[in-house]
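Good morning, and thank you for coming. Please look at the sequence and the structure as I show them, and keep both in view while I speak.

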Amino acid sequence: MNNITSLEAELGSRVASKKSNGKTITLDLIGEGKLRIDGTTTPISVRQDETPSDATVTITADDFKALMDGTKKPEGLLLTGKAKMAGNPLAVMKLRDILA
């Protein structure tokens, strides 16, 4: 299983029990591809998709894994330029809620 496919499965199982939040977020995983988290569906869905979203977070797959397992904080990644966001910042804040 390649990196993006394993992240899609892991993230999908993590968000499956979360409430829909009405926001869509694209994770642009540098060198891997894009994952779209669709918080407009019940349950929240994760899939490889290029459809425009409310917000986009650009990050490496390794940094996103560290974010998911809690070894890195989103603020630190943003402040050091290891993660970048575009679009609706409130949508990105919802990402933190569904990863918790």
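Is Asp63 buried or partly exposed? Asp63 counts as buried, at 10% relative accessibility. Here buried means under 20% relative accessible area, exposed means over 50%, and partly exposed lies in between, with a 1.4 Å probe and protein chains only.

Before I continue, a word on the model. It is a predicted model, in which local features need pLDDT of at least 70 and side-chain atom pairs count only at pLDDT 80 or more, while totals for chains, interfaces and linings use all residues. Residues are numbered from 1 along each chain as its sequence is written, and side-chain values use heavy atoms, with hydrogens and water left out.

Let us stay with Asp63 and turn to salt bridges. A salt bridge is a side-chain nitrogen of Lys or Arg within 4 Å of a carboxyl oxygen of Asp or Glu. The side chain of Asp63 forms one with that of Lys72, at 2.6 Å from N to O. Lys72 is partly exposed, at 29% relative accessibility.

Asp49 and Arg47 are joined through their side chains at 3.1 Å, N to O. Asp49 counts as buried at 15% relative accessibility, whereas Arg47 is partly exposed, with a relative accessible area of 32%. Arg36 and Asp38 also meet in a salt bridge, at 3.5 Å, N to O. Arg36 is buried, with a relative accessible area of 8%, and Asp38 is buried too, with 7%.

Helices (H or I, at least four residues) and strands (E, at least two) are DSSP runs, numbered from the N terminus. A polar atom of the Arg36 side chain lies 3.5 Å from the backbone oxygen of Thr51. This is a polar contact, a pair of N or O atoms within 3.5 Å; within protein, one must be able to donate a hydrogen and the other to accept it, and residues adjacent in sequence count only if both atoms are side-chain atoms. Leaving aside neighbours within four places in sequence, Arg36 is in contact (heavy atoms within 4.5 Å) with several residues, among them Thr24, Ile25, Arg47, Asp49 and Thr51.

A cis peptide bond joins Thr42 and Pro43, with omega at about -5°. Pro43 sits in the loop between strand 2 and strand 3 (45–48). For background, most residues other than glycine have a negative phi, and most peptide bonds are trans.

Thr60 is found in the loop between strand 4 and helix 2, and is partly exposed, with a relative accessible area of 29%. The side chain of Thr60 reaches the backbone nitrogen of Asp63 at 3.0 Å. Not counting residues up to four places away in sequence, Thr60 touches Leu29 and Ile30.

Which residues of helix 2 are buried? They are Ala61, Asp63, Phe64, Ala66, Leu67 and Met68. These buried residues pack against helix 1 (3–15), strand 1 (24–29), strand 4, helix 3 and helix 4. Just after helix 2, Gly70 takes a positive phi of about 85°.

Finally, the largest pocket. Rolling a probe the size of a water molecule over the atoms shows where empty space is left. On a 1 Å grid over the protein atoms alone, a pocket is an open set of points where a 1.4 Å probe fits, with protein on both sides within 12 Å along at least five of seven lines; lining residues have an atom within 4 Å of a point. The largest pocket has a volume of about 440 Å³, and of its 21 lining residues, the closest to the centre are Leu67, Pro74, Glu75, Val92 and Arg96. The volume is the space filled by probe spheres set on the points, which are joined across faces, edges and corners.

Which helix supplies the largest share of this lining? Helix 4 does, with 6 residues.

Met85 lies in strand 5 and touches Thr56, Val57, Leu78 and Val92, not counting residues up to four places away in sequence. Met85 is partly exposed, with a relative accessible area of 42%. Thank you for your attention.
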